[in-house]
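Please look through the structure below.

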Amino acid sequence: MAPKTLAVVAGVGPGTGASIARRFGKEYSVIVLSRNPENYTSVVEEINSSGGQAIGISTDVSDQNSVNSAFDQIAKQFPGSPLAAAIFNPGGGLVRKPFLELTETDFALALDSQAKGAFYFAQRALPLLLQARESSVHPPSLIFTGATASVRGSPNFAAFAAGKFALRALAQSLAREFGPQGVHVSHAIIDGIIDIPRTKQWVLEHEDAKLSPDAIADSYWYLHTQPRTTFAFELDLRPYIEKW
């Protein structure tokens, strides 16, 4: 039996990350990474109970040793399995404070969870994606989750914007370097409130004013399945009523 094709999703909670894992889990064996196992246990069980295959690995993406350990574990558990997709989706570093109240720890947290985390993740994922070019049905893909703060620094979001700007710059550089080598690197700007458990209590004027995490996951799958003739680097995703 041929080794199963893999997708790795870093940053899995009860919202967007879980939806991405479910969508990619329809086609691939999925490895989900999150610092807290409580964030991925339910989605792993759901995928496995529905006939798919998923495992969770407790991983702190801001810690290089933790990321290396996770990828070493993947290689050990799935020997010879090609990596078709790697999605970087951690939500850490969202510090909301007036600039003069920011601490060095606040600023470092944003950079570590976004820029450094993406660096560690990409360095381990890209060699595997390059190896999968011949065996993958779709172009091997590295997708980064951005935010409004990726392109616009707002008051009280200096630290988070710095981390997200850096993440976008990294994604752009990697797209230009690895796109010509057949790996699709892309960045998704998620602009608006995502409809996840912790935002359910936020009642907005329109019932569909929040981003659907399942729709975000479908957009990521769309990016992954694009042929080499039409690689998109960036998608802007927002509710129809969102100001921008």
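## A charge over a ring

Arginine 238 lies over the face of tryptophan 244, at 4.1 Å from the ring centre. A charge sits over a ring if NZ of Lys or CZ of Arg is within 6 Å of the ring centre and within 35 degrees of the ring normal.

This is a predicted model: local features need pLDDT of at least 70, side-chain atom pairs count only at pLDDT 80 or more, and totals for chains, interfaces and linings use all residues. Residues are numbered from 1 along each chain as its sequence is written, and side-chain values use heavy atoms, with hydrogens and water left out.

## Rings and core

The structure holds six aromatic pairs. Rings of Phe, Tyr and Trp (its six-membered ring) pair if their centres lie within 6.5 Å. Phe71, Phe88, Phe121 and Phe144 are linked by ring pairs into a cluster.

The largest nonpolar core has 33 residues. Such a core is a set of buried Ala, Val, Leu, Ile, Met, Phe, Trp, Tyr and Cys residues joined through side-chain atoms within 4.5 Å. Ile31, Phe121, Leu142 and Phe144 touch the most other members. Elements that each supply at least two residues of this core include S1, strand S2 (29–34), H3 and strand S5 (141–147). H4 gives the most, with eight residues. Helices (H or I, at least four residues) and strands (E, at least two) are DSSP runs, numbered from the N terminus.

## The second largest pocket

The second largest pocket has a volume of about 160 Å³. On a 1 Å grid over the protein atoms alone, a pocket is an open set of points where a 1.4 Å probe fits, with protein on both sides within 12 Å along at least five of seven lines; lining residues have an atom within 4 Å of a point. The volume is the space filled by probe spheres set on the points.

Its lining includes Leu6, Val8, Phe71 and Arg124. H3 gives the most to this lining, with three residues. The lining divides into eight nonpolar, two polar and one charged.

## Two single residues

Where is serine 29 found? Serine 29 is in strand S2. Serine 29 is buried (under 20% relative accessible area), at 3%. Serine 29 and isoleucine 55 are 26 residues apart in sequence and 8.4 Å apart in space, C-alpha to C-alpha.

Asparagine 156 lies in the loop between S5 and H5. Its phi is near 75°, a positive value in a residue other than glycine. Most residues other than glycine have a negative phi. Asparagine 156 counts as partly exposed, at 33% relative accessibility; partly exposed lies between buried and exposed, the latter being over 50% (1.4 Å probe, protein chains only).

Conventions: Nonpolar A, V, L, I, M, F, W, Y, C, P; charged D, E, K, R; others polar. Phe/Tyr/Trp six-rings, centres within 6.5 Å; stacked < 30°, edge-to-face > 60°.
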